[in-house]
Amino acid sequence: MLKRSVVFQNPAMLSLKDRQLVVRLKDFPDEKRTIPIEDLGFVMIDNALVSITIPLLNALSDNNIAVVFCNEKGMPASMLQNLDTNNTQGEVLQNQMNATEPLKKNLWKQVVEAKIRNQSNLLIKYGKNGEQLKPYYKNVASGDSNNNEGIAARIYFQELFGKSFVRNRDLPGVNALLNYGYTVLRAATARAVMSSGLFPALGLFHHNRSNAFPLADDMMEPYRPFVDEIVFQLLENGKENLDKETKGRLIRVLYSDTCFPKTTRPLDIGLSMTMASLAKCLAKEQKSLSLPVLK
């Protein structure tokens, strides 16, 4: 079932009653709105004057709802993590720990191929030269030892956003829009990772002692072009600044259509399909990941 995404950008009091998220806006304390917990998949707190009760946090965590907290700049900064999300966690964790390097390198190769292919598809979709990326997704080495991902990314971003574009997380404008969209995507990916019983700290490629979610960073890669498309559309409509309107549009990336063999699903559900396939690959029940195609 497709889950709802909710963002709180105004002062509010959030609590739990009868398995419902109860919302009372601080400017209208006598009025309340309710949302069934089971309907939620993503909750973002984007205002320092939002208060939230511990019972509600526990209920959101128990239902594996991605709860993201923004900093004073309005950028996603942290998220609530459930430590017990799947009844097969022990078995899946063992499979992750036992995964051989050749297996991980093969899975990473599939991820990189899908990412570059989607980048190519996006360029072609908007009348740009996506064919130049074809040699890069057709010739990814095991573990991407030839760094086709990095080479393709430089070509792709300049083709999509112009020759003067430089991907720099510290810059405003396009980069700020990309940062926000990727952070939303990362939170949704982490949620899907944990729903599948996978341990987010054990990545296929990304490794960093200070990063608790390297597996999410790995598996979100083929989905990044779906964020890029929204940013491109915003720019085409003259929307270059990160504000309430553009944030809302970027959060709706979770509802973008993602195509798989024989089916099309919203991105949020597509992530769950991808993570379920990863768990099966690690268990050696199948060899290929279920990865999205951008059309």
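Colleague: In which helix does Thr246 lie?

Modeller: This is a predicted model, in which local features need pLDDT of at least 70, side-chain atom pairs count only at pLDDT 80 or more, and totals for chains, interfaces and linings use all residues. Residues are numbered from 1 along each chain as its sequence is written, and side-chain values use heavy atoms, with hydrogens and water left out. Helices (H or I, at least four residues) and strands (E, at least two) are DSSP runs, numbered from the N terminus. The helix in which Thr246 lies is α9.

Colleague: Why does Thr246 count as buried?

Modeller: A residue is buried under 20% relative accessible area, exposed over 50% and partly exposed in between (1.4 Å probe, protein chains only). Thr246 counts as buried because its relative accessibility is 1%.

Colleague: Which residue has its backbone nitrogen 2.8 Å from a polar atom of the Thr246 side chain?

Modeller: A polar contact is a pair of N or O atoms within 3.5 Å; within protein, one must be able to donate a hydrogen and the other to accept it, and residues adjacent in sequence count only if both atoms are side-chain atoms. A polar atom of the Thr246 side chain lies 2.9 Å from the backbone oxygen of Asn241. The backbone nitrogen at 2.8 Å belongs to Asp243.

Colleague: At what angle do α3 and α8 pack?

Modeller: Helix α3 (residues 101–125) and helix α8 (residues 224–236) have axes 9 Å apart, and they pack at about 25°. That makes α3 roughly parallel to α8, a class for angles under 35 degrees, with over 145 roughly antiparallel, 65 to 115 roughly perpendicular and the rest oblique. The angle between α3 and α8 is about 25°.

Colleague: How many charged residues are there in the contact of α3 with α8?

Modeller: Lys115, Asn118, Gln119, Leu122 and Lys125 of α3 meet Arg224, Pro225, Phe226, Asp228 and Glu229 of α8. By class, three of these residues are nonpolar and two are polar. The number of charged residues is five.

Colleague: Which side chain makes a polar contact of 2.9 Å with that of Asn179?

Modeller: Asn179 is found in helix α6 (residues 174–195) and is buried, at 11% relative accessible area. Apart from neighbours within four places in sequence, Asn179 is in contact with Met75, Arg167 and Arg169. The side chain joined to Asn179 at 2.9 Å is that of Arg167.

Colleague: What is the phi of Asn64?

Modeller: Asn64 occupies the loop between α1 (54–62) and β7 (66–70), and at 11% relative accessibility it is buried. Helix α1 has buried residues of its own, namely Leu56, Leu57, Ala59, Leu60 and Ser61, and their cover includes β2 (12–17) and β3 (20–25). Asn64 follows α1 with a positive phi, and that value is near 55°.

Colleague: Is Lys262 buried or exposed?

Modeller: Lys262 lies in the loop between β9 (257–260) and β10 (263–266). Although Lys262 is not a glycine, its phi is positive, at about 75°. With a relative accessibility of 92%, Lys262 counts as exposed.

Terms used: Axes are lines fitted to C-alpha atoms, for helices over the stretch in contact, and angles run from 0 to 180 degrees between N-to-C directions. Contact means heavy atoms within 4.5 Å. Ala, Val, Leu, Ile, Met, Phe, Trp, Tyr, Cys and Pro count as nonpolar, Asp, Glu, Lys and Arg as charged, and the others, Gly among them, as polar.
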